[in-house]
Amino acid sequence: SYELEAMQQLLEQAGYEIVPFEPGADVYVINTCTVTNIADRKSRQMLHKAKKMNPDAVVVATGCYVQTDEGKLETDEAVDLVLGNNQKKNIVEVLAEFEKEHQRQAHIIKINQTKEYEELEISRTAEHVRAYIKVQDGCNQFCTYCIIPYARGRVRSRKKEDVVEEVRTLAEHGYQEVVLTGIHLSSYGLEWKDENGKQTEGLLDLIRAVHGVEGIKRIRLGSLEPRIVTEEFAKELACLPKICPHFHLSLQSGCDATLKRMNRRYDAAEYREKCELLRKYFENPALTTDVIVGFPQESDFVDSINFYETHIFKYSKRQGTKAAKMDGQIPEHEKTRRSNIMLELNRKKMQRYEEGWLGKKVEVLFEEMTERDGKNYVTGHTKEYLRIGVPCEPEQADRWTNQLKEIELTSLSQIMH
């Protein structure tokens, strides 16, 4: 989303008008995904849909599917321009070149061999109060089920000064909350070493720098690898009042044997220890996670560690990964059964966490108007990312939007899903 918004703003600056994804556009830009085989298929379908909507339009395929499809799109009649990862910043120049020559082109680098971080930036986002900031790209983990290291390449980090400058610009435009994101956020700065091979800057240094930007009231973190949560990391974060106590620690499985087959590099006991560290330094933090059910040879699955929310995914074979070749693949109906059990467990855990906030006052950053059951509400999020709704008529919205207000929670009906 961040990369797409950055491309949009580059095009607008060059004089392009952004129009809906409908018939009649001169240029269609599809930022493709490759995380599953289904994502590949949907990416292809969207490219063909664009060409059907206007056969004379320029169709641009960019993103992760482009990077991994081994040149197939270069012969696809629906696609005029192919832009791989680390090439999105060149979209204006590439379109200008195409307008001159009208020849199909592909701009793809060997993503696993580059050390360059692709410089993109935004001055606003589709959201009105919260801005997502991409600070890192690539991954060195090579989990056995994941294609992303092949689509995104090795770890590359954005300069701290550039991140701070972008955050400062967003603050000047009225944004009060930023979310630091990356392909593998915990690896931020991993490639920056001194002569002794010691890492010189890491995620904590970046967070401290962003914390100093005037006008920013909240800093939220994207998905974290559990091993980054050390005593020092948790203690330091707790000393920064702008940090939101909402931590997404990716788990994937509660079974040690499965974690090993996934190449996740921690076990269930270590993961639990990281959660307890966060609870030691933050009062009632919202801990959320991801779990894959139905991984090859999986015999059991996790009872969440009192998570606020668990994102549940049925394992999907991804061609080109080690897990796709493993014995003991789980039938689809069994994956569905396990997923349904986890979904019900998640519902109960969410309700239990939310009930723990009843009778307490929470700070809410209000964002937008919402209609539910025929009534109008203004909604926003607490630091823990509970979505709170307050009855409000549309003509009063300006008094609430992008405002921080303290609300007492007296009923679960105030929490909106």
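This is a predicted model: local features need pLDDT of at least 70, side-chain atom pairs count only at pLDDT 80 or more; totals for chains, interfaces and linings use all residues.

Biologist: Let's start with α8. Which of its residues are buried?

Modeller: First the terms: helices (H or I, at least four residues) and strands (E, at least two) are DSSP runs, numbered from the N terminus. Buried means under 20% relative accessible area, exposed over 50%, and partly exposed in between, using a 1.4 Å probe and protein chains only. In α8, residues 231–238, the buried ones are Phe233, Ala234 and Leu237. Looking down the axis of α8, they fall within an arc of 95 degrees, so they line one face of the helix. That arc is taken from the directions from the helix axis to the C-beta atoms.

Biologist: And what covers the buried residues of α8?

Modeller: Contact here means heavy atoms within 4.5 Å. The cover includes α7 (203–211), β8 (218–221), β9 (246–248) and α10 (268–281).

Biologist: How do I read two helices packing, say α1 and α4? At what angle do they pack?

Modeller: Axes are lines fitted to C-alpha atoms, for helices over the stretch in contact, and angles run from 0 to 180 degrees between N-to-C directions. Under 35 degrees counts as roughly parallel, over 145 as roughly antiparallel, 65 to 115 as roughly perpendicular, and the rest as oblique. Here α1 (residues 2–13) and α4 (residues 91–101) pack at about 55 degrees, their axes 9 Å apart. That makes α1 oblique to α4. Met7, Leu10 and Leu11 of α1 meet Ile91, Val92 and Leu95 of α4.

Biologist: Now sheets. What is the strand order in the open sheet of 3 strands?

Modeller: Two strands pair if DSSP finds at least two bridges between them. The order is β9-β10-β11, with parallel pairing. β9 and β11 (309–314) are at the edges with a single partner strand each, so one side of each has no neighbour in the sheet. From one strand to the next, the twist averages 15 degrees. Between β10 (residues 286–293) and β11 there are 6 bridges, and aspartate 290 sits opposite histidine 311 in β11.

Biologist: How many bridges join β5 to β7?

Modeller: β5 (residues 130–137) and β7 (residues 177–182) run parallel, joined by 6 bridges; arginine 130 has glutamate 177 as its bridge partner in β7. β7 also pairs in the parallel sense with β8, over 4 bridges, where valine 179 faces arginine 220.

Biologist: Valine 59 next: what is its relative accessible area?

Modeller: Valine 59, in strand β2 (residues 58–63), comes out at 0%, so it is buried. Not counting residues up to four places away in sequence, valine 59 touches several others, including Tyr28, Ile30, Leu47 and Leu81.

How values were computed:
Residues are numbered from 1 along each chain as its sequence is written. Side-chain values use heavy atoms; hydrogens and water are left out.
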